[in-house]
Amino acid sequence: MSNEMSETGGREAQAFDTLVRLALDLRWSWNHSTDELWQAINPQFWELTHNPWILLQSASPQKLQSVMMDPSIQTLLTRLLEEQKTLEAPAWFHNEHPHSALKLAAYFSMEYMLSEALPIYSGGLGNVAGDQLKAASDLGAPVIAVGLLYQQGYFRQRLSADGKQQALYPYNEPGQLPIVQVRTANGEWLRLSIQLPGSRLWVRAWQVQVGRNKLYLLDTNVPANEAAARGITSQLYGGDEELRLQQELVLGIGGWQLLRALNLDPEICHLNEGHAAFAVLERARCWMKDHSKDFDLAMTVTRIGNLFTTHTAVSAGFDRFPPELIAKYFRQYAEADLGISLETLLALGRLNPDDDQELFNMAYLALRGSGSINGVSRLHGEVSRALFQPFFPRWPQQEVPVRYVTNGVHVPSWDSVHSDQLWTVSCGKERWREMPSSLEQTLRKVKDADLWQMRSSARKSLIEETRTSFARQLAAQGAADEEIAAGKAIFDPDVFTIGFARRFATYKRPNLLLHDPERLLRILTNSRFPVQLVLAGKAHPHDLAAQAMIRQWFQFMRRPEARAHVVFLADYDMRKAESLIQGVDLWINTPRRPWEACGTSGMKVLVNGGLNLSELDGWWAEAYTPEVGWAIGDGEEHGEDPAWDAAEANTLYCLLEQEIVPAFYRRDEHGIPSAWIAKMRESMARLTPRFSANRAVREYTQNHYLPAAKMYRERTERDGALGEQLRAWSRQIEQRWTGLRFGDLKVEKEKDLLLFTVHVYFGELDPNAVKVELYAEGVAGGESIHQEMQRDQPLVGSVNGYAYSSVVPADRSANDYTPRIIPHKEGAAVPLEAGQILWQR
């Protein structure tokens, strides 16, 4: 009997351990096969929290035992354990790159949107970070992430009956979050130590399991710290500039120290925005210490392994700090730890190193400390090249070293149950991990009726959730019983539904639809083609103009004719976002071009069959064609011109009145809107794979991580021997560039060819340290020509002069071409590591 009891107890303990392991792996947030399990434990609590870790802690042992004795749950647990084993099997990265130099990439970000159970995000930046981390798990990409654990996270929003916003900051109790303490080998809580002015800051670490990968969160709420220091990780994007600097210091310097404490040595340090740029300093410091070298060499060696992704479309968006604040926190670090002067450190964050009044710019530090830079959409790449052009004077803007990787969304995190079923039947369960080339064609074979049923079911779910949320919101505002009852019945599941939800900011123009309230009201209340509109969004607590925009919507909604057609849902978060993007028929986005670096909200509707009506900005500027949605704007920039806003508002109304709404209601004999479905199908098939995080992570891996890891390893070999060579080359360029000059230029035409010959005098500079090119601007937006010229004979009587020649087709005027000289060395990142350039004229 005792043996049987022991075996039974062992099985129960094993089953409970399985529950714990499943609850602490955020894979449940996108792999919904565990939902049935959590619903069985406490369906009401699961619906309210979507946090299985709280669910387990709040359930009684008897309840858990009862659930685990259920044969269907036992079968489910067995299947879930088998699924977990697949995480150990080789995935895309291992299969495609089995012998690569890349062993680990460290990803740094101020915020991560992974699940509502871990509320440490604000919006777009965290969305990108969370989705890319999930996709990295699906693909088996060796990524580890670093962030901060905020005691209160970003604010929660309460709205009064007249739309006045109140910011609330509920406490994130670590014990209720799906995180575990990071401990040392002997079981102690791992603690880091960072020197602050006058005191030492203790930082502890937490671990989040995200499928195959891990996210580490740093936390200063340690009892050994002073009260102010404990509050460093209190709020996301809260407090003053000194608190922001403290947070970025903890993220960058503390983050890299954490990796060292865990005995991790990533080849790649990926900075998701400039907030974490101090990591490049700490990485260099660690390499200095390991190799007994100086800071300059350490930066030369480690820079190539750092990738800076900028998400900012205007220079005002970069974090800047007064020099005296940097001096307060970094003087000792610079002089004692890096072995450089404070002025040298400040110069790394300035455009003009000699201007002692210039603020310290985190994006500039990231740029100077990285071997590669990218924007987050094709258009944003162009915008970023213009922003960083001053760093590369006389270089053509298109050669400013900023590439782009357009963001994408983690599709399994955002598809509805109805969408998932349709895609699974047509394209298979592993579609978002394998991304077969046939995905687009396979989806095109889905029947109109099946697509429309999916869309209708998702809209019905949205209406049900909207009614519940809106009625609860009205009750909290003190509304009358009859108004609450109306809220519970608002909207019609068969009516065309538009979604507009995002952070409220003036540049996003969230009130463009309200430009002509009477016209909007006519669109909404059209008896033949009615429309209903769901809105949501937070305004930063200090952004009074954006808060006023929310109140304008509430004023509009109070009109008796509008009440049944418009809802503004308070406290826009990840769960509300899921509901909206899964259920709406049309997603509207109206930013002021080019201030939307990418935008991902519209990408999320793609998999669910929603269509986009958006400004030609961010991702939509490269995604839009008439077959997949609608656009406003002319692809140009118009600043804050009120006349242009009025013109775009008119375009918005015209599209809704004349094209979009009628197309939704134009049905065949089966009640299916065939033209609408055709657009749906093209949008889903063409755009869903293209704007997925799966594609984005593969691009980062293949175009950035892999080549950078190889170059980093080459620079670190033999105690940084290649780094020494590169530094010597860079110093030679810097010291001897002024002695370089052009001589005579001769152009001859032979039949259909142009022969260019130019004399170059190098002074004391080694000719092998540079490249002489023939350059011509691109025609009609095409690629520019930069053809390397060949070194011919030495110039008679010259100490270090040579003739260079090149032949090009004579289809363009000789005046279009100009010889130029640029630095050149195998393995060097030019112009990032040497920005000199000399033109023949």
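At what angle do α10 and helix α13 pack, and how far apart are their axes? The views below come from a predicted model, and the first one takes up this pair.

**View 1. Helix α10 packs against helix α13.** The angle between α10 and α13 (residues 323–338) is about 30°, and their axes lie 10 Å apart. Angles under 35 degrees count as roughly parallel, so α10 is roughly parallel to α13. The crossing is right-handed. From α10, the residues in contact are E241, E242, L245, Q246, L249 and I253. They meet L325, I326, K328, Y329, F330 and Y333 of α13. By type, this contact has eight nonpolar residues, one polar and three charged.

**View 2. Helix α10 also meets helix α11.** Here α10 spans residues 241–261 and α11 spans residues 278–291. Their axes come within 8 Å and cross at roughly 35°. α10 passes α11 in a right-handed crossing. L245, E248, L249, G252, I253, W256, Q257 and R260 make up the α10 side. On the α11 side are F278, A279, E282, R283, C286 and D290. The residues of this contact divide into seven nonpolar, two polar and five charged.

**View 3. Six strands form an open sheet with parallel pairing.** The strand order is β17-β16-β15-β18-β19-β20. At the edges are β17 (566–569) and β20 (629–632), each pairing on one side only. From one strand to the next, the twist averages 20°. Within the sheet, β15 (residues 496–501) pairs with β18 (residues 586–589) in the parallel sense, over two bridges. I498 has L586 of β18 as its bridge partner.

**View 4. R156 makes a polar contact with D571.** R156 lies in strand β3, which covers residues 156–159. The polar contact joins the side chain of R156 to the side chain of D571, at 2.9 Å. Which other residues is R156 in contact with, leaving aside its neighbours within four places in sequence? Among them are E116, Q166, A167, L168 and P170. K538 and D573 are in contact with R156 too.

Notes:
Residues numbered from 1 in each chain as written. Predicted model: local features only at pLDDT ≥ 70, side-chain atom pairs only at ≥ 80, totals over all residues. Heavy atoms only, no water. Axes fitted to C-alpha atoms, helices over the stretch in contact; angles between N-to-C directions. Helix = DSSP H or I, 4+ residues; strand = E, 2+ residues; numbered from the N terminus. Left-handed = near helix turned anticlockwise from the far one by under 90°. Contact = heavy atoms within 4.5 Å. Nonpolar A, V, L, I, M, F, W, Y, C, P; charged D, E, K, R; others polar. Pairing = 2+ DSSP bridges. Polar contact = N/O pair within 3.5 Å; in protein donor to acceptor, adjacent residues only side chain to side chain. Parallel < 35°, antiparallel > 145°, perpendicular 65-115°, else oblique.
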